[in-house]
Amino acid sequence: MFVLEVILWLILLVFIIAFFSPTKWSIEAEIVIDKSKAEIYNYIKILRNSENYNKWVMQDPNMHKEFKGSDGSVGFVYCWESEQKQVGKGEQEVIAMNENDFVEYEIRFIKPFEGVSTSM
């Protein structure tokens, strides 16, 4: 009987902890880059430069790529298609830019799943 009571108290304790725990989580990471804001902006605004740090691009160096528009400007589209399922097929478009501040992208996934996301 004592063991049953201990188990019930442990179950109750789990429910109490879950009730008071936060329901939303956030994960943040920060990297300090020893460059001026203008240097960083001028590098990231060129979407083709993402080939040097995008893990999905680096995963399949033989993927088919297509570029539409003028890189470094709003409306530029970077399309990709890979035989590797985890890389898949999609496109990324520059949708907004603010000099030395941010570049906003719309990412449209086609394969292996469909979806649309924005990123800054």
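Two residues are in contact when they have heavy atoms within 4.5 Å of each other. The views below show a predicted model, in which local features need pLDDT of at least 70, side-chain atom pairs count only at pLDDT 80 or more, and totals for chains, interfaces and linings use all residues. Residues are numbered from 1 along each chain as its sequence is written, and side-chain values use heavy atoms, with hydrogens and water left out.

**View A. Surroundings of tyrosine 105.** Leaving aside residues up to four places away in sequence, Tyr105 touches Ile44, Leu47, Gln92, Glu93, Val94, Ile95, Ser117, Thr118 and Ser119.

**View B. The largest nonpolar core.** A nonpolar core is a set of buried Ala, Val, Leu, Ile, Met, Phe, Trp, Tyr and Cys residues joined through side-chain atoms within 4.5 Å; buried means under 20% relative accessible area (1.4 Å probe, protein chains only). The largest one has 12 residues, among them Tyr41, Trp80 and Tyr105. Two or more residues each come from β2 (77-81) and β4 (102-111), and β4 gives the most, with three.

**View C. The open sheet.** Helices (H or I, at least four residues) and strands (E, at least two) are DSSP runs, numbered from the N terminus, and two strands pair if DSSP finds at least two bridges between them. Five strands pair antiparallel in the order β1-β2-β3-β4-β5. The edge strands, β1 (64-68) and β5 (115-119), each pair on one side only.

**View D. Strands β2 and β3.** Five bridges join antiparallel β2 and β3 (residues 89-98). Valine 77 has glutamate 93 in β3 as its bridge partner.

**View E. Helix α1.** None of the 19 residues of α1 is buried.

Definitions and conventions: Buried means under 20% relative accessible area, exposed over 50%, partly exposed in between (1.4 Å probe, protein chains only).
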